[in-house]
Amino acid sequence: MKWLIASDIHGSAFFCEQLINAAKREKADRILLLGDILYHGPRNDLPEGYNPKKVIEMLNAISEQLVCVRGNCDTEVDQMVLKFPILADYAYLCEGDITIFATHGHNFNEKNLPPIKKGDILLHGHTHIPALLKHEDYTYINPGSVSIPKENSPHSYMIFENSTFVWKDLSGNEYKKYIA
């Protein structure tokens, strides 16, 4: 299965459209969204093309492809307008011997580890910074942000397929790779 993994759309129809186009170009089977879908939150400026209603429309049109976890900017009110579940704090993905704990990152993160075992992968967004950090007992991975990247990182997403994570900018240019 080919997963496109992304985080932190923050209501940007401009970048959401690019993400959906990337999913089509990549021929992704599923899209995993790591939270902060519709709103920008009090600490972020409005992203380019901020239009949560358009984002709702675009994502509802592909609801059967989506798996989502709740971000700190996602609420029960958002769930009322979205046709796919967004309020789970985490999801597990398994491929062969690889177990991935997917979450947004505001609750479970490197400073507050979830219940994972040695060799598991902690996957989250929230920081808006792409990351790959191999710890003694687990690996931390972050796809960065679709709409509000930080620390001069690109607007980005990841592809996960055949035990391999590939970070790409929204144009599809690969800039990092990790074989789990």
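**Loop residues and helix packing in the predicted model**

The side chain of Ser 147 comes within 2.7 Å of the backbone oxygen of Ile 9. This result, like those that follow, refers to a predicted model. Ser 147 is located in the loop that links strand E8 (138-142) to strand E9 (156-161). With a relative accessibility of 5%, Ser 147 is classed as buried, because that value is under the 20% cut-off for burial. Apart from residues up to four places away in sequence, Ser 147 touches Asp 8, Ile 9, His 10, Ser 12, Phe 15, Pro 47 and His 155.

Asp 8 and His 10, which are among the residues touched by Ser 147, are also among those touched by His 128. The latter residue is placed in the loop between strand E6 (120-124) and strand E7 (131-134). The relative accessible area of His 128 is 3%, and the residue is therefore buried. The side chain of His 128 forms a polar contact of 3.2 Å with the side chain of Asp 8. Beyond Asp 8 and His 10, the residues touched by His 128 include Asn 44, Gly 144, Ser 145, Ile 148, Pro 149, Lys 150 and Ser 153, with residues up to four places away in sequence not counted.

The backbone of His 128 was examined as well. Most residues other than glycine have a negative phi. His 128, which is not a glycine, has a positive phi near 70°. A positive phi, of about 65°, is also found at Ser 163, again a residue that is not a glycine. Ser 163 belongs to the loop between strand E9 (156-161) and strand E10 (164-169).

The packing of two helices was then considered. Helix H1 comprises residues 13-26 and helix H2 residues 52-60; their axes come within 9 Å and cross at roughly 15°. Because this angle is under 35 degrees, H1 and H2 are roughly parallel to each other. Their crossing is left-handed. On the H1 side the contact is made by Ala 13, Cys 16, Glu 17 and Ile 20, and on the H2 side by Lys 54, Val 55, Met 58 and Leu 59. Classified by residue type, this contact of H1 with H2 contains six nonpolar and two charged residues, and no polar ones.

The buried residues of H2 are Pro 52, Val 55, Ile 56, Met 58, Leu 59 and Asn 60. The elements that cover these buried residues include H1, strand E2 (30-33), E3 and H3.

The side chain of Arg 70 makes a polar contact of 2.7 Å with the side chain of Asp 89. When neighbours within four places in sequence are left aside, the contacts of Arg 70 comprise Gly 35, Ile 86, Leu 87, Ala 88, Asp 89, His 104, His 106 and Asn 107. The C-alpha atom of Arg 70 is separated by 7.5 Å from that of Thr 103, a residue 33 places away along the chain.

A further side-chain pair involves His 135, which is placed in the loop between E7 and E8. His 135 has a relative accessibility of 33% and counts as partly exposed, because this value lies between the cut-offs of 20% and 50%. A polar contact of 2.4 Å joins the side chain of His 135 to that of Glu 110. His 135 and Ala 28, 107 residues apart in sequence, have a C-alpha to C-alpha distance of 29 Å.

Lys 117 is situated in the loop between strand E5 (98-103) and E6. Its relative accessible area of 57% places Lys 117 in the exposed class, because the value is over 50%. The C-alpha atoms of Lys 117 and Lys 27 are 31 Å apart, with 90 residues separating the two along the chain.

Definitions and conventions. Residues are numbered from 1 along each chain as its sequence is written. This is a predicted model: local features need pLDDT of at least 70, side-chain atom pairs count only at pLDDT 80 or more; totals for chains, interfaces and linings use all residues. Side-chain values use heavy atoms; hydrogens and water are left out. Helices (H or I, at least four residues) and strands (E, at least two) are DSSP runs, numbered from the N terminus. Buried means under 20% relative accessible area, exposed over 50%, partly exposed in between (1.4 Å probe, protein chains only). A polar contact is a pair of N or O atoms within 3.5 Å; within protein, one must be able to donate a hydrogen and the other to accept it, and residues adjacent in sequence count only if both atoms are side-chain atoms. Contact means heavy atoms within 4.5 Å. Axes are lines fitted to C-alpha atoms, for helices over the stretch in contact, and angles run from 0 to 180 degrees between N-to-C directions. Angles under 35 degrees count as roughly parallel, over 145 as roughly antiparallel, 65 to 115 as roughly perpendicular and the rest as oblique. A crossing is left-handed if the near helix is turned anticlockwise from the far one by less than a right angle, and right-handed if clockwise. Ala, Val, Leu, Ile, Met, Phe, Trp, Tyr, Cys and Pro count as nonpolar, Asp, Glu, Lys and Arg as charged, and the others, Gly among them, as polar.
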